[in-house]
Amino acid sequence: MSPISSSSAVLCEKLQHRTAKVAVLGLGYVGTPLAIHLAQSGYAVTGFDPQVSRVNAINGGRSPVQDVDNHAVLTLRAGGLLHATADSEGLAEHDVFILCVPTPLTDSKQPDVSYIEQAADSLVDHLRPGCLVILESTTYPGTTDELLLPILQRSGLTPEVDLFVAFSPERVDPGNASFNTGNIPKLVGGIGPASTEMATTLYRSFLTQVFPVSSARVAEMAKLHENTFRAINIGYVNELAVVCNTLGIDVWEVIDAAGTKPFGFMPFYPGPGIGGHCIPLDPHYLAWRARKAGFVTRFIDLADHVNSQMPKYIVTRIAESLNEHGRAIRGSRILALGVTYKPDVDDARESPALDVIHELERRGAQVRFVDPYVQALPQDHGPVLNAQKAELTDDTFAWTDMALILTNHSSFDWPDISARVPRVFDTRGAARNIAMNVTSL
Ligand SMILES: NC(=O)c1ccc[n+]([C@@H]2O[C@H](COP(=O)([O-])OP(=O)(O)OC[C@H]3O[C@@H](n4cnc5c(N)ncnc54)[C@H](O)[C@@H]3O)[C@@H](O)[C@H]2O)c1
């Protein structure tokens, strides 16, 4: 056991009394709600982000993300508990640093941990004895020990004595009305027992359920396991949807029927692919790390293959449906309903809807989209997308040959929409059984 330094005793006391100064690096979907919860529980919080628009939003009393309302930011700003900066000098004199920076994939689907490195670089000069650094970004096992810690050690501090480092995965689910940063159980694993204890003390000071684990690697791997579990099951159920269609069986009814079993079954639902910044990406972190150790992960690659085929499969089914009504896909006017990666969120990046729209346009369809949360389609997705935003007006309905349900936003009135267009193709099981003109995946 490492000796307890006086600086660590001071940190521990500051955490117990919430007098520690906390810096959150990265003010996105993860960092912003975390900063808010910390500040609401009494910590003085600094948000650091190179994106000036996000910094200005916070300092102007506005939330940069959908899940946090402006009022929360405004109240904390007025109380002097929250402030943001794009200048890394603003990281001086903090006790706790929590990294919530992006962990995307490179073009060749390899982990891109450069944001973690940059964030660590920007805080290393500000570390002082008795400080705690926590990584919350999703990443491969070993990142905290092998990548983050060596950068932090440039400070000259001694790990587990006066420098405490831990990994604590963020499990936030944007748009989830029941679970948020404040009530999602938190896993914590440090580079050693003292770090685990220090990070656990921090989270227990403002969250109700905190579960320490034996190492940072276990916490890193647990997060990848959670999301890879989802990606693989979605891959399986997408394959099941194709099989059911081939056999003339309604996959949605099958899932509901299986769901009557009260144990040993958890429903997953098919759709136009998988989207978001986590489920499609995180399994690649696991696969990459396994490959580096000489092991090829077949489940992950198979699920990725099945899921990435879904947009093309959907368009084939749309073509069949149009054909049954004597129409070709080329020249057909398709109204895409919902383009975000999941319902009731405002984020269309990494959405499979974009791949479906691209494939429709590639095959000559005219596409317009309706989405209350999105003004224009992201154009950094790959191929150029021509679809323009439309509203649910009489003119739009008159223009439409087929409505295509891609995201089941709760504000859409499916019976009304189905009644006003010639036919509907439903990739989400949202409008099944409500009208004769609806074809479901
Ligand atoms: N969004 C989710 O639903 C979710 C859920 C769980 C975990 N995660 C993980 O959390 C991490 C962050 O995700 P997010 O959705 O909040 O991303 P995001 O893109 O919404 O926000 C990340 C922020 O970090 C900022 N940033 C980039 N480089 C920085 C640096 N060097 N220093 C400080 N800030 C920097 C960016 O400008 C951006 O504002 C990722 O690893 C992600 O996989 C995300």
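**Helix packing and some single residues**

Ser 205 is buried, at a relative accessible area of 10%. Before I go on, note that this is a predicted model. Where does Ser 205 sit? Its place is in the loop between H7 and strand E8, the latter being residues 210-212. Leaving out residues up to four places away in sequence, Ser 205 touches Leu 15, Arg 18 and Tyr 43.

Helix H1 covers residues 6-16 and helix H7 covers residues 193-204; their axes come within 8 Å and cross at roughly 20 degrees. An angle under 35 degrees counts as roughly parallel, and H1 and H7 are therefore roughly parallel to each other. Their crossing is left-handed. On the H1 side the contact has Ser 8, Leu 11, Cys 12, Leu 15 and Gln 16, and these meet Met 198, Thr 201 and Leu 202 in H7. By type, that contact of H1 with H7 has 5 nonpolar residues, 3 polar and no charged.

Some of these residues come back when we look at Val 96. Val 96 is in strand E4, residues 96-99. How buried is Val 96, in relative accessible area? The value is 0%, so Val 96 is buried.

Next, helix H3, residues 52-59. Which residues of H3 are buried? They are Arg 54, Val 55, Ala 57 and Ile 58. These residues cover an arc of only 160 degrees around the axis, so they are on the same side of H3. As background, an α-helix has 3.6 residues a turn, so residues three or four places apart point the same way. The partners of the buried residues of H3 are helix H2 (31-40), helix H4 (70-78) and strand E3 (82-85). Just after H3 comes Gly 61, with a positive phi of about 80 degrees.

Two of those partners, H2 and H4, also pack against each other, at an angle of about 45 degrees and with their axes 11 Å apart. That makes H2 oblique to H4. The crossing of H2 and H4 is left-handed. Ile 36, Ala 39 and Gln 40 come from H2, and they meet Ala 72, Val 73 and Leu 76 in H4. The contact of H2 with H4 divides into 5 nonpolar residues, 1 polar and no charged.

Helix H8 runs over residues 216-247 and helix H11 over residues 298-324; they pack at about 45 degrees, with their axes 8 Å apart. H8 and H11 are therefore oblique to each other, and their crossing is left-handed. From H8 the contact takes Thr 228, Ala 231, Ile 232, Ile 234, Gly 235, Asn 238, Glu 239, Ala 241, Val 242 and Asn 245. From H11 it takes Phe 299, Ile 300, Ala 303, Val 306, Asn 307, Met 310, Tyr 313 and Arg 317. How do the residues of the contact of H8 with H11 divide into nonpolar, polar and charged? There are 11 nonpolar, 5 polar and 2 charged.

Asn 245, from that contact, also gives a distance back to Val 96: the two are 149 residues apart in sequence and 53 Å apart in space, C-alpha to C-alpha.

Last, backbone angles. Most residues other than glycine have a negative phi. Lys 109 is not a glycine, yet has a positive phi of about 60 degrees. Lys 109 lies in the loop between E4 and helix H5 (114-124) and is partly exposed, with a relative accessible area of 38%. Asp 344 also has a positive phi, near 60 degrees. The place of Asp 344 is in the loop between strand E9 (333-337) and helix H12 (352-362). Is Asp 344 buried, exposed or partly exposed? Asp 344 is partly exposed, at a relative accessible area of 22%.

Terms used:
Residues are numbered from 1 along each chain as its sequence is written. This is a predicted model: local features need pLDDT of at least 70, side-chain atom pairs count only at pLDDT 80 or more; totals for chains, interfaces and linings use all residues. Side-chain values use heavy atoms; hydrogens and water are left out. Axes are lines fitted to C-alpha atoms, for helices over the stretch in contact, and angles run from 0 to 180 degrees between N-to-C directions. Helices (H or I, at least four residues) and strands (E, at least two) are DSSP runs, numbered from the N terminus. Angles under 35 degrees count as roughly parallel, over 145 as roughly antiparallel, 65 to 115 as roughly perpendicular and the rest as oblique. A crossing is left-handed if the near helix is turned anticlockwise from the far one by less than a right angle, and right-handed if clockwise. Contact means heavy atoms within 4.5 Å. Ala, Val, Leu, Ile, Met, Phe, Trp, Tyr, Cys and Pro count as nonpolar, Asp, Glu, Lys and Arg as charged, and the others, Gly among them, as polar. Buried means under 20% relative accessible area, exposed over 50%, partly exposed in between (1.4 Å probe, protein chains only). The arc is that of the directions from the helix axis to the C-beta atoms.
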